[in-house]
Amino acid sequence: MKLQATAILAAGLFWLSAPTCHIFAGSEDEDLARLSITAVGDVMCHAPQLSSAYDPKTKKYDFHPVFAPVKDILSAADLTIANLETTLPGSRKRYSGYPTFGAPDSLAQALKDSGVDVLSLANNHTVDKGKSGMLRTIE
């Protein structure tokens, strides 16, 4: 089940990853400046992903293996933006999948370590854990 959940999330990220956009600026007389942007949609954590990331020996969640297959893609752009469709409520008691998503902070850390620079919270799951969950996620 762990491998299946990891593969599903990684495949979803790869599929949702928009092609890298290249922005060029400058004239013929100037050096050309280039900026590459990659966008990823709907990073969320259903119950199978939560359980597959949990290591009972360390009692910690590790999402790094989930993003390993797409790390090179996410890291290659100058700017990578992802839509975080979950909250980071802090307390393990508040972690949950559908319909009110809440994930460990280690999800955000794994995204950062995999090359994501910006997380957008502009989505319908921003207040899944109420105002306190939203504010903690922003922090």
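**Exercise 1. Work through the contact between Asp105 and Arg136, whose side chains meet in a salt bridge (2.7 Å, N to O).**

Before we start: this is a predicted model, where local features need pLDDT of at least 70, side-chain atom pairs count only at pLDDT 80 or more, and totals for chains, interfaces and linings use all residues. Residues are numbered from 1 along each chain as its sequence is written, and side-chain values use heavy atoms, with hydrogens and water left out.

Step 1. Check the rule: a side-chain nitrogen of Lys or Arg has to sit within 4 Å of a carboxyl oxygen of Asp or Glu. That gives a count of one salt bridge.

Step 2. Asp105 belongs to helix α5 and Arg136 to helix α6, so the pair ties together parts 31 residues apart in sequence. Helices here are DSSP runs (H or I, at least four residues), as are strands (E, at least two), and both are numbered from the N terminus.

Step 3. Look at accessibility. Buried means under 20% relative accessible area, exposed over 50%, and partly exposed in between (1.4 Å probe, protein chains only). Asp105 comes out partly exposed at 36%, and Arg136 is partly exposed too, at 30%.

**Exercise 2. Sort out the aromatic pairs: how many does the structure hold?**

Step 1. Rings of Phe, Tyr and Trp (its six-membered ring) pair if their centres lie within 6.5 Å; planes under 30 degrees apart are stacked, over 60 edge-to-face, and the rest tilted. The structure holds three such pairs.

Step 2. Take Tyr54 and Tyr61. Their ring centres are 4.9 Å apart with the planes at 55°, so this pair is tilted. Tyr54 is buried at 17% relative accessible area, and Tyr61 is buried at 16%.

Step 3. Now Tyr98 and Phe101. This pair is edge-to-face, with 6.4 Å centre to centre and 65° between the planes. Tyr98 is exposed at 64%, whereas Phe101 is buried at 1%.

Step 4. Join things up: ring pairs link Tyr54, Tyr61 and Tyr95 into a cluster.

**Exercise 3. What classes of residue make up the lining of the largest pocket?**

Step 1. Sort by class. Ala, Val, Leu, Ile, Met, Phe, Trp, Tyr, Cys and Pro count as nonpolar, Asp, Glu, Lys and Arg as charged, and the others, Gly among them, as polar. The lining then has nine nonpolar, two polar and five charged residues.

Step 2. Pick out the main contributor: α5 gives the most to this lining, with five residues.
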